[in-house]
Amino acid sequence: MQNIDRISVRRDIPAASASTPSDTTVWCSDAIADMLRALDIPFVLLNPGASFRGLHDSLVNHLGNENPQMIVVLHEEHAVAIAHGYTKVTGRPLAAILHSNVGLMHGSMAIYDAWVDRVPVIVLGATGPVDAAKRRPWIDWIHTAQDQAALVRHFIKWDAQPASITAAQEALLRAKQIATTAPQGPVYVCFDAALQESQLTQKPALPDTARYKAPPPARPSDDLVEQAANLLAQARNPVILAGRVNRDEHGWQQRVQLAETLGAKVLTDLKVGCAFPTHHPLHAAPAGHFLNAAAKETLRGADVVLSLDWLDLAGTLKQAWDDAPVASTVIQVSVDHYSHNGWSMDHQGLPPVDLFLQCEPEPAVELLNRQLKPSATGRYERHSRPLSPNESAARPAGLTVPIVAATLHRALGDRKVCLTRLPLSWSGELWDFDHPLDFLGYDGGGGIGSGPGMAIGSALALKASDRLPVAIIGDGDYMMGVNALWTAANAQIPLLMIVCNNRSFFNDELHQERMARQRNRPVENRWIGQRITNPEPDLAAMARAQGWTGYGPIEQADELERVLRQAIDAVKAGSCVVVDAVVQTGYSPAMTAGLTRADD
């Protein structure tokens, strides 16, 4: 994972005045705050709520709003999304505090995103007072739940509602331990409002957090590793499916070594971020949301398939083999089955597997590298594909997503960049990835509106790095999460956000066209109920209203390049910038590759 030094954000809360009277009273919420600090949680994200007013006071006046630093959001969903985006860069979980049952309901979509993306977020909540005799009339009653965690229990790893400070300390220790144990995911700890506001006779001792860490990664047995190594060594056409791997540079190099040792072709998936250098000659086909023709051909030609926790292995094999029995020997490396339950179908289909290594990809790859001897193929020289549209071909008068990609690439030059988000219309051939932080993947649960918050969280994590954070998102995603932008301006988190604005929920236009063709109805009506026009929202003005610099709408490539150069300089200087790029609607390989015969 990326090593990030301590990051400072602007704080709206000054230090306590010298005239503030000292008070030696120990409050339960003070002890909870001390535990958060001991767990080395760098940031706490919250939208204020009376149910955790005790903890809020402790974070401000007991801890001094430092370690963890408080970041305010305008909607609870953004609190979880920002934490999610931060952890995708660093691997370190943040805490998101959600007010009572209502805040938990607001944040539940983002919790589901983190759950499906297998990203740890420590979600803290509050309820009550649980003791009905202590509730204020009306408001405390509607903000108290008998079993608040039941709202999200199907898509979290664990929950607790401690009834004492000792239990609260243990709950927080367990929460971080479980959240960061593979397969990782969100957890929820709910604090009774009355417990937070109760006095303690003395300050409780803090546990030694070093004794409650997550266990180290499991490793498969030597026998299973030897079996896998033998299968791969004897394979004529091995294929590696590089799926949900970590962002550690050592792990990245280990995957390259394994592929080169075997001479194995490699496929990657845009849904989970970059896992292998895409300009390496062994990277067999541009990544996408579904398999393209080249990827299908590569997979069908494999005699041995090594899945490194590939997302939807069953569905991918089904795409390649067109529902016929899979002829390849399949080696699965994953512990994802530990998170599967009967409520959510995010576990996907059940894949046929011939050899199962029950561990995370990184230890398996390292052990295989120790067993295998280099291929006779020799060294592999990396290459680059063209990153701009064919200049000799007829180009549209306006912007398209490929033109936006090529224009951004020119404007960036040789700057290091992290693409924190890409739109659904993106195709893998538009950009090459050569580092685990070049692209972070998507949100996991397909929750439209997560893009702005997650991009801001990733930008927060990159604030102390040499990488320029760039989010390229759709207009629907932008508008559903647009008030997350205020948090970035308030906390001074530099970020470039480019909105590929087709003024439509265009993915669903394709679905409506499919329905019309199947039912022999007018295709021309596909736009009804989809277009975001009449009037067209002013996306740049939305950004300016929240303290960002906003450009657009921009409809021509030459203007876009000029604006992007200005925007990049502004972000490097510490600004937050939105560029509204109006793109033409139309088909792209990324949007159509998943269509089946029944869709035609």
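Analyst: In the contact between helices α10 and α11, Lys296, Leu299 and Arg300 of α10 meet Thr316, Leu317, Gln319, Ala320 and Trp321 of α11. By residue class, this contact comprises 4 nonpolar, 2 polar and 2 charged residues. The model is a predicted one. Helix α10 covers residues 293-300 and helix α11 residues 313-321; their axes lie 8 Å apart and form an angle of about 95°. Because angles of 65 to 115 degrees count as roughly perpendicular, α10 is described as roughly perpendicular to α11.

The loop between β11 (304-308) and α11 contains Asp309. The phi angle of Asp309 is near 50°, a positive value in a residue other than glycine. Asp309 has a relative accessibility of 12% and therefore counts as buried, the cut-off being under 20%. Asn520 also has a positive phi, near 55°, and is likewise a residue other than glycine. Asn520 lies in the loop between α17 (506-518) and α18 (539-544); with 72% relative accessibility, Asn520 counts as exposed.

Helix α8 contributes Val225, Glu226, Ala228, Ala229 and Leu232 to the contact, and helix α12 contributes Leu367, Leu368 and Gln371. Of these residues, 6 are nonpolar, 1 is polar and 1 is charged.

Lys88 belongs to helix α3 (residues 76-90) and is buried, at a relative accessible area of 7%. Leaving aside residues up to four places away in sequence, Lys88 touches Asp117, Val119, Arg247, Leu440, Gly441, Tyr442 and Met454.

In soluble globular proteins, nonpolar side chains tend to be buried together. Here, the largest nonpolar core has 69 residues, and Trp426 and Leu496 have the most contacts inside it. Apart from that core lies another of 55 residues, including Leu45, Ile71, Ala488 and Ala489.

One joins Ala182 and Pro183, with omega about -5°; Pro183 is in the loop between α6 (165-179) and β7 (187-192). Another joins Gly552 and Pro553, with omega about 10°; Pro553 is in strand β17 (residues 549-554).

How values were computed. Residues are numbered from 1 along each chain as its sequence is written. This is a predicted model: local features need pLDDT of at least 70, side-chain atom pairs count only at pLDDT 80 or more; totals for chains, interfaces and linings use all residues. Side-chain values use heavy atoms; hydrogens and water are left out. Contact means heavy atoms within 4.5 Å. Helices (H or I, at least four residues) and strands (E, at least two) are DSSP runs, numbered from the N terminus. Ala, Val, Leu, Ile, Met, Phe, Trp, Tyr, Cys and Pro count as nonpolar, Asp, Glu, Lys and Arg as charged, and the others, Gly among them, as polar. A nonpolar core is a set of buried Ala, Val, Leu, Ile, Met, Phe, Trp, Tyr and Cys residues joined through side-chain atoms within 4.5 Å. Buried means under 20% relative accessible area, exposed over 50%, partly exposed in between (1.4 Å probe, protein chains only). Axes are lines fitted to C-alpha atoms, for helices over the stretch in contact, and angles run from 0 to 180 degrees between N-to-C directions. Angles under 35 degrees count as roughly parallel, over 145 as roughly antiparallel, 65 to 115 as roughly perpendicular and the rest as oblique.
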